[in-house]
Amino acid sequence: MRTAQPQDPVARAWRGMILLLLPTAVVAVDINVLFLALPELTVDLDVGPAEQLWISDVYGLVVGVLAIVAGAVGDRVGRRRLLLLGSAGFLLASLLAAFAPSTEVLILARVLQAVAGATLMPSTLALISELFPDEKRRGQAIGAWAATQFVFASFGPVIGGVMLHQWWWGSVFLIAVPVGLAVLVLGPRWLPEHVDPAAAQRVDGLGAGLLVGALACVFVVIKAAIPGAGAPGVLVVAAGVGALLAGAGFVRRQLTAEAPLIDLRVLATPVVASTIGSLTLAAVVLAGTGFWATQYLQSDAGMTPLAAAIAFAPMGLGIAAGTQVAGLLNRRIPADVLIPGGLLVSAAGELLLTLASRDQPLVPVIAAYTVAGFGCAPLFMFGTQRLMSAAPPEAAARAAALAETGNHLGSAIGIALLGTVGLLAVPHMETGSGALVGALHLVGPAGAGVLVLCAVLTVGGTVAAGRRERAMATQRA
């Protein structure tokens, strides 16, 4: 009699899927895992405010940008092989970060982590397509992949805080070690390989160069924008212009190249473009809010890393609760209404940050990021489904990949942008009672404004999609 489990192709596919979710979760966690470690790290390595943002921010920026390039490279060298190489590189870079003796070494380790992590995101998504040829199961798997990204990114500070309670700040990077070992040992047996023989002729070297050039210019602008950096104005302007030119050149190249790194034509679908834009901007707000809230909990509120981790957990719990409520409401209310409505609730939550004061140091802050996470949940829950249903079938995976790239870039931009906004109020990151309240009072309204823009984008995408469908129906008639 046949034993179903080991030979069952569906069971084998889900077994491989579970393995793929491990590096997916670790890459997401590492976006925010350092938030609660920054005060201890700052003292240990004598880190300045500029370096704090670099250590927190460089990872997400590099992952978000280079993931686009890594997807094309995976077709050339093999998707499973790239996953294994990336896992080994991420493991080694994490060990270097864990035991970094100086700020410079830590920043270098974060860059190396990001380069390796950039290979993992497109590899896992591409291998999901190999594991699940059936369109329905593939959509479910991609939904689980996307949910893993958002959930583990929101719980990154909590995981870091729990580990800091027992060990030193470098221990937060050691999460990657068992995961990397599991992928290296089980990947060759559980995951299929795919190599495109023609891919060597299709890697867009010029597009990759333009993208990396834009990233380098963005780095300069971010560093120069930090108060006290002392960068000359000419350099800031030149870097900004360079980023715009390189970015525009990359977009033009992707629209005209025979084999682009990423198919931007999927953005021509209104729902796809508005959903990807909203997911990116929501990541901007939640990451920037998380950065300042975790610093505030340990500074002004005087919490230990473990206490701060427990106090910050409601953001992730709010997202989880929001997905449950959204699922129940969706029986009567369409997702096209729930998503912008939730984003407006999230915007109201961000405004609660303005109520933080010495007399009320905790309640407004905890309520703010809890409500913000709760309100963003419908977008996170239904966003991938909207992408999968709105994009052409052959472009569904590419649309999901764009959304996840936007998530990483959005998190990095949120730390940089809202981190810099906060530094306008607290230029030297002083600690002590009331020192960071000014930062929260600036970050709250800024985040609320971005979330209102997200709501407008989603409504606009839905309206544009409706007009497009009516126009097509008229043409068919």
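So, α2 and α6 are roughly antiparallel to each other, and by that I mean an angle over 145 degrees, where under 35 would be roughly parallel, 65 to 115 roughly perpendicular and the rest oblique. Their axes come within 9 Å and cross at roughly 155 degrees. The axes are lines fitted to C-alpha atoms, for helices over the stretch in contact, and the angles run from 0 to 180 degrees between N-to-C directions. Helices here are DSSP runs of H or I with at least four residues, strands are E runs of at least two, and both are numbered from the N terminus.

Before I go on: this is a predicted model, where local features need pLDDT of at least 70, side-chain atom pairs count only at pLDDT 80 or more, and totals for chains, interfaces and linings use all residues. Residues are numbered from 1 along each chain as its sequence is written, and side-chain values use heavy atoms, with hydrogens and water left out.

Back to the pair. The crossing of α2 and α6 is left-handed, meaning the near helix is turned anticlockwise from the far one by less than a right angle; clockwise would be right-handed. On the α2 side, the residues that meet α6 include Ala 13, Gly 16, Met 17 and Leu 20, and among their partners in α6 are Gly 117, Leu 120 and Thr 124. Contact, by the way, means heavy atoms within 4.5 Å. This one divides into 10 nonpolar, 5 polar and 2 charged residues. Nonpolar covers Ala, Val, Leu, Ile, Met, Phe, Trp, Tyr, Cys and Pro, charged is Asp, Glu, Lys and Arg, and the others, Gly among them, are polar.

Now, what else does α6 pack on? The axes of α6, residues 103–131, and α7, residues 135–154, come within 9 Å and cross at roughly 160 degrees. That makes α6 roughly antiparallel to α7, and this crossing is right-handed. The α6 residues in the contact are Met 121, Thr 124, Leu 125, Ile 128 and Ser 129, and they go with Arg 138, Ala 141, Ile 142, Trp 145 and Gln 149 of α7. By class, you get 6 nonpolar, 3 polar and 1 charged.

While we're on α6, have a look at Leu 108, which sits in that helix. Leu 108 is partly exposed, at 47% relative accessible area; the cut-offs are under 20% for buried, over 50% for exposed and partly exposed in between, with a 1.4 Å probe and protein chains only.

Next pair: α5 (residues 79–98) and α9 (residues 176–190) pack at about 155 degrees, axes 9 Å apart. They are therefore roughly antiparallel to each other, with a left-handed crossing. Among the residues that meet are Leu 83, Leu 84 and Phe 90 in α5, and Val 177, Gly 180 and Leu 181 in α9. The tally is 12 nonpolar, 4 polar and 1 charged.

Which residues of α8 are buried? Across residues 156–166, they are Gly 156, Pro 157, Val 158, Gly 160, Gly 161, Met 163 and Leu 164. Their cover includes α2, α3, α7, α12 and α13.

And the whole chain? It has 17 helices and 0 strands, and 52% of its 477 residues are buried. Of the contacts between residues at least 6 apart in sequence, 84% join residues at least 24 apart.
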